[in-house]
Amino acid sequence: MRQWFSDLALGVRLALGGGRTSWVRLALTGAGIGLGVAVLLTSASVTTVLSERAERQAANAPVTGEQTSGDVLYLTSWFTDYRGESISGRFVKGTGPDAPVPPGLSRVPGDGEMFVSPALARLMESPEGALLLERFPQQVIGTIDEVGLNTPHDLVFYAGDATVPEDANAISRFGGQLHENTLDPVLSLLVMVGVVALLFPVLVFVGISTRLAGAERDRRLAALRLVGAGSQRVRRIAAGEALLGAFVGLAVGAVLFLVGRQFVEDIQVAGLSAFKSDLIPSLPFAVMIAVLVPVMAVVTSVIAMRRTVIEPLGVVRRAKPVRRVLWWRLVPLVIGVGVLITQANAFGGTESQGSPTIVIGGIVMLLLAIPVLLPWVVERAVGRMRGGAPSWQLAIRRLQLESGTAARVVGGVAVVLAGGIALQSVMASAQSEVMDSPAPEVDRGRLTIHLSDSTPEMVEQTANLVARTVGVNQVHSLRSVGMEAGAGNYHPATVGTCEALMTQAVLPSCQDGDSFYVDAGSSLGYGTQLEAGQRVTVSDSDEDRQNDPQWTIPPFTVVKGPGESINFRSGLLLTPAVARAMPVEPGNPSLLVLIDQNEPDVGDHVRNAVAPMTWRVFVSYFGEADVTQRVAQFQSIRQGLLAGSLITLLLAGASLLVLALEQVRERRRPLAVLAASGVPRGALGRSLLWQNAVPFLLALVVAVGVGSALAALLLRIMSQPIVLDWPGIAVLSGAAAFMVAVVTVLSLPSLRRATGALGLRSE
Amino acid sequence: MTDPATPYDPGSAQGPGSAQALLEAVDLHKSFGPTPALDGAGLRVRAGEVVAVMGPSGSGKSTLLHCLAGILTPDKGTVRYRDVELSAMGDGLRSELRRTDFGFVFQFGQLVPELSCLENVALPLRLGSVKRKEAESRAREWLERLEVADVADKRPGETSGGQGQRVAVARALVTGPRVVFADEPTGALDSLNGERVMQLLVNAAKETNAAVVLVTHEPRVAAYSDREVVVRDGKSREMEPVT
Amino acid sequence: MSIGHTLLGLLEKGPRHGYDLKRAYDERFGQDRPLHYGQVYTTLSRLLRNGLVMEAGVEAGDGPERKRYAITDAGVTDVEHWLGTPEKPEPYLQNTLYAKVVLSLLSGRRADDVLDVQRAAHLAAMRELTKRKAAGDLADQLICDHALFHLEADLRWLELTAARLDRLKTAVTR
């Protein structure tokens, strides 16, 4: 055992020993692994972020309907938009000093007082928030603590308002039960693909980083073999070296993570953000990373030195490199394909019959096939190339001599690319599956203002407020009422002036007293068509159903809706004179505001104008619709995956750069000799580009192949038609190519340094 | 790793002047790809003698040395050290043999660039589980003996070629080996430095009764030997000393 | 350089008369110092006296006497012995060594044997000098080094020749 430790220690000593060179190498290794570790730690924190968030959400949930003798809190939720950002708030009214205080607040705000989230406070204080300030005449008496928020960028407020109705929903306390979010099979598969496609490349890069400066290390270990270190011991010594790199990487990663964590609240990636205090890696994952990275470092380095172990004369005699063998390199590919085929249609329906473990395993295998296959592909492809310009020849000959490093460098990018291609295709397919109806078209020329719990005077008053606002062309008041022609056969009716109705449908002519019927077709599912003279039950709200007021449908003209858009009101359109004959007053008042889109911030001006109505008004663009939970989940998953892709791409770029720098460093002397013997720098630079570009193109082919295969297999699992997203693949490939080019350009300064006069020095 | 049934015993050196071969290679054949490097070469080394292996470059000198040292395994033929066949030993045993009974001095590249000169010399001892203090004090003695005590704390890259080779000689001899394999040990040195290194190497080897297998193409270096073996086209010819 | 042994070596390929021998000798070995007729005839008569060559008839014709000589068995043995004995290692041996190499090649013997034997002799001398050098003072060292470098030059020439024996063989037996 002591022997073991002394061997490991010797490895550490070797990794540290070589003066500046060793330190640079260690720093590069640490940086390469550290970047990966930081990303892994961040992803390991996602579960904590989500669970903390869910807990806060549960703690924030009001509890109603409990018998209580004490003070209660009445609450009504509200939201508004400001320059495209959604602000949500709760208007509250406490019945006394002991009314329950919402989490994150120091007390229940009184009438005209409000608590705002820090982000909202910042927005309101900033010059950009000047317009918003008008909307909130309330006095800000404090900010909402973290416990009352989801994310640091939440724009939320609690405002005290004496007009909040004392309805049945008296809140006796806050803090409900956690309710679990269940994802449907397609979405859960999407998450699986995403997590694997994004995290696996990180592991690949960590693995590659542990193999930096392999040639140097082989030389060193061969020298050790010569003085009589057995192959087992050399493996242990190499393991010691690798472990040092891994631990330095872990430390660097931890520091990066901890430092980055300080700024996490200032960062928003694809609309996602998190609290610093939530960003804690979950313990099992953190332990896994701390164990996995060193183990992987040791395993890859031991695998990498197979040849050195056999050949203690690595220094003295360069045995002809062994030609790579194909068969075992195909194993992961075959296993991956086989495993995924067995899961076909498993995640198709609403219930998944498949095993997530098997699917994830299959994806990992397929992605693993890329770095395993690439060295063989590069070796075979490059082996056939001949001739060309000197820079090309230099690059090709170099690749022929030692294609392993180059293949590894681009291998990581290829994994990112293949994962991205699969993810993109699955996402596109999931999108078409989840968003079964096309996203509604939003008409930015019209605003709809809904008024709840309001009197006709209030509607009038609101209309006047709006009409005076700059940029508003017309304001029309509309009401609606529901009719039931037999059980379950509901039809809506909209009441408004001719002018107002003309915004809803194409009317041939209109006079007060006319009735129209907009035929939306049977697709909307309103049952049978109405007929004139038919008796229907009218109700403006469910509570009045006892009365069952009856009404006879007047004669009407059938008209068409405005254009192709489905966002028009179907059913009856009634002029005020007709509506007066109805047994109940039509309710659900809303205002249709036609605005001048060229007027800047007109929407926010209108929202400001109706601010006095506080919680009663909801302003939205015509056609804006709420999304279903499934769509909302899909959208947030897409956001998460986008954020993850950006981070993985950045990591890929950074790792590539580290590898490219290391390559130049390792070949400093031959490069300096070439430069000294008159090879122009430009040619050397181009040869460097070819050295990256040729393996990259091969990697691209492999990545597109494997990525498409993976996509096809996953689509089969989802029971979706196999459609590959070629434009998406082109964009991804282009981005990867761009990254390789950028990395090459960024490594040119180091090439210049290497080929300078100092490069020729032997130490 | 030490097997009690180890078929050789590093402790009992053969007396000087013994006519029996310490190391003997018979009819070695070795090819790298299609070209044969050794084609029936052989060699006998007696305890304490300095044998020069001469011949033009590409004749197979170095390959013969590597086979003798158990670094390469010949395709055909036998190498026996103290009547034990090297090819019959496992890698672990051969490694131990290199550590305890053999020493190596090459033209360059045998020192570990990351370690200081002192640590390099102490390395074989430490691989053999000698305590660090002990190993380094013995290493320092050898550095003094080879007149390079002043570079002890420098890394090999920071020393001159002559100093580096002396450090290499010190490392080759620090374990008290029975055979030192030297492959063009002065190849990268000027004649004055080269002669000094040879003097130190041969003297130290004689004092410790270590045999030296000296591969060189330089007659003046070969003149430090007791006898020479000529390798040509993979075949060797042993010349008995002319008196 | 032993003219007698050289002539014997040249005779190994077949009987010749004196004039032929002189021509063959000059062509191969006498670049700057051709033999005199007188030297040839005195040497031949000495060899004849010692039984190493014998007369193999007289060619008729005008001009000078054209006596043919052939090598005897004793002569062959003598050549072999000569070739197998290294020259005393001393500077400026190349003429003799060259002659020995060429004669070995001409007679189908192994020329590298000649070289190996010679190398052994040279190295033995060099070992002696190296030992003296190690024991001696600076003056000794410088004197020994002078001798060593000259001997080394011979040995280098030997190595070079050994590496080019094949080409030399085609050249001399053409």
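Trainee: What relative accessibility does I303(A) have?

Mentor: In this predicted model, I303(A) has 45% relative accessibility and counts as partly exposed. Buried means under 20% relative accessible area, exposed means over 50%, and partly exposed lies in between, with a 1.4 Å probe and protein chains only.

Trainee: How should I read the labels and values?

Mentor: Residues are numbered from 1 along each chain as its sequence is written, while chains are lettered from A and ligands numbered from 1 in the order in which they are written. Local features of this predicted model need pLDDT of at least 70, side-chain atom pairs count only at pLDDT 80 or more, and totals for chains, interfaces and linings use all residues; side-chain values use heavy atoms, leaving out hydrogens and water.

Trainee: Where does I303(A) lie?

Mentor: I303(A) is in helix 8 (residues 283-304) of chain A. Helices (H or I, at least four residues) and strands (E, at least two) are DSSP runs, numbered from the N terminus.

Trainee: Which residues form the nonpolar surface patch?

Mentor: L283(A), V287(A), V291(A), V295(A), V299(A) and I303(A) form that patch, with about 520 Å² of accessible area together. Patch members have over 30% relative accessible area and no salt bridge; like charges are joined within 9 Å, and nonpolar side chains (Val, Leu, Ile, Met, Phe, Trp, Tyr) within 5 Å. A salt bridge is a side-chain nitrogen of Lys or Arg within 4 Å of a carboxyl oxygen of Asp or Glu.

Trainee: How many helices and strands does chain A have?

Mentor: Chain A has 21 helices and 17 strands. Of its 763 residues, 51% count as buried. Chain A exposes about 34,800 Å², with carbon and sulfur atoms supplying 60% of it. Such areas come from the Shrake-Rupley method with a 1.4 Å probe; for residues, only the protein chains shown count as cover.

Trainee: On to chain B. Which residues of helix 1 are buried?

Mentor: Helix 1 (residues 61-68) of chain B has seven of its eight residues buried. These are K61(B), T63(B), L64(B), L65(B), H66(B), C67(B) and L68(B). G70(B) follows this helix and has a positive phi, near 75°.

Trainee: What is the phi of D83(B)?

Mentor: D83(B) has a positive phi of about 65°, although it is not a glycine. D83(B) sits in the loop between strand 4 (76-81) and strand 5 (84-85) of chain B, and it is exposed, with a relative accessible area of 51%.

Trainee: And where is E147(B) found?

Mentor: E147(B) is in the loop between helix 4 (132-145) and helix 5 (161-173) of chain B. Its phi is positive, near 60°, and E147(B) is partly exposed, with a relative accessible area of 42%.
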